[in-house]
Amino acid sequence: MEFANEWKNLRPIERRKLLGKPLQLPLAVELCYLSESNNHNNKGLLNGGSKRRMTPLVEVCHPLPSDAVWKKVYLRSGLGKKEKEYTQGWSVSDEPLCKLCQKQCMGKNAKAPEFFEDLFCSLTCYEEYRMRTSNRFLRQELFQIEHGVCTNCLLDCHKLVEHIKPLSLERRREYIEKVAPKVAKRKKMFEKLVNDPTEGHAWHADHIIPVYQGGGECKLENMRTLCVACHYDVTKAQCNERRKERTNAKKHLKLVMNNLKNGLTSTTVSNAKEHEALEVEGDKLLINVPGSAYSLADP
Ligand SMILES: [Zn+2]
Ligand SMILES: [Zn+2]
């Protein structure tokens with residue numbers, strides 16, 4: 001009896017986990033994945049492009065009905081937790097729509113979602129959405145379109161991997177140094193590729209709009225192929241950009257504080273105290289960057 005109650009109180013997603021069995025997608029979707037892996041395994045696609053899959057699933061979700069609008073939604077979360085922002089379709093009659101199929105969400109949490117799965121009409125849609133936005137899936141999709149060619153330096157990473165696989169370690173090194181000097185210059189990624197020439201060690205699926213700027217809900221339109229060297233450069237540049245933004249924000253704040261101080265008072269505020277206040281304000285600024293995926297909804 002107690003077990004039955006506990007079971008009833010579990011979220012459906014947790015029940016599924018406990019059952020420990022693989023999730024069953026609609027047969028049509030299963031079939032789609034099946035034919036996709038066939039394409040990869042028999043090299044039909046790679047060797048001549050003759051077996052291209054018929055319908056690339058470029059869009060993750062179904063198109064929004066004409067009488068509905070996109071809304072920003074936030075999940076109810078525990079105190080002090082950072083809230084994440086999501087987009088969800090809402091009908092004219094103000095009903096939330098499933099993030100995947102755009103049918104009305106009927107769950108009890110639908111209007112005040114607490115968990116990500118509350119944004120879907122059913123667990124089936126939730127699982128399918130998760131699969132379609134998973135890194136592995138997006139990589140496969142991206143490969144169908146860009147074929148492992150770096151969108152920045154145009155290095156054909158797929159061809160490179162295929163070429164060096166049968167070679168000895170020494171020959172692999174020589175070849176990479178010749179064809180991809182940028183990769184060869186970075187010792188760690190170079191050695192990885194030499195010792196284990198796989199696609200994952202040659203190219204990455206990069207978020208065009210970075211996750212920290214709100215590109216967190218992955219969709220294929222926001223992804224591009226970058227060779228490991230270009231990906232490293234891009235990531236580094238983004239880090240520097242963020243650092244610069246923070247420094248500027250602090251400088252601006254200092255200016256505002258100084259103006260305030262000069263306008264309002266008095267030399268009684270000691271330098272140390274001013275510095276302290278600045279630090280606190282600075283920390284707040286770090287969290288509350290507008291448009292960031294980590295920004296607070298209600299600061
Ligand atoms: Zn649905
Ligand atoms: Zn590149």
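In which loop does leucine 154 lie? Select leucine 154 in the viewer: its place is the loop between α6 (135-146) and α7. Helices (H or I, at least four residues) and strands (E, at least two) are DSSP runs, numbered from the N terminus.

The structure is a predicted model, in which local features need pLDDT of at least 70 and side-chain atom pairs count only at pLDDT 80 or more, while totals for chains, interfaces and linings use all residues. Residues are numbered from 1 along each chain as its sequence is written, and chains are lettered from A and ligands numbered from 1 in the order in which they are written.

Remain at leucine 154, whose phi is positive, near 65°, although the residue is not glycine. Most residues other than glycine have a negative phi. Leucine 154 counts as exposed, with 9 C-beta neighbours inside 10 Å. A residue is exposed if 12 or fewer other C-beta atoms, placed from the backbone, lie within 10 Å of its own, buried if 20 or more do, and partly exposed in between.

Next, select aspartate 94, in the loop between β2 (85-91) and α5 (123-132). Aspartate 94 also has a positive phi, of about 65°, and is exposed, with 9 other C-beta atoms within 10 Å.

Proceed to helix α7 (residues 157-164), where Cys157, Leu160 and Ile164 are buried. Viewed down the axis of α7, these residues fall within an arc of 60° and therefore line one face of the helix; the arc is that of the directions from the helix axis to the C-beta atoms.

Finally, display the whole chain, which has 12 helices and four strands. Of its 299 residues, 17% count as buried.
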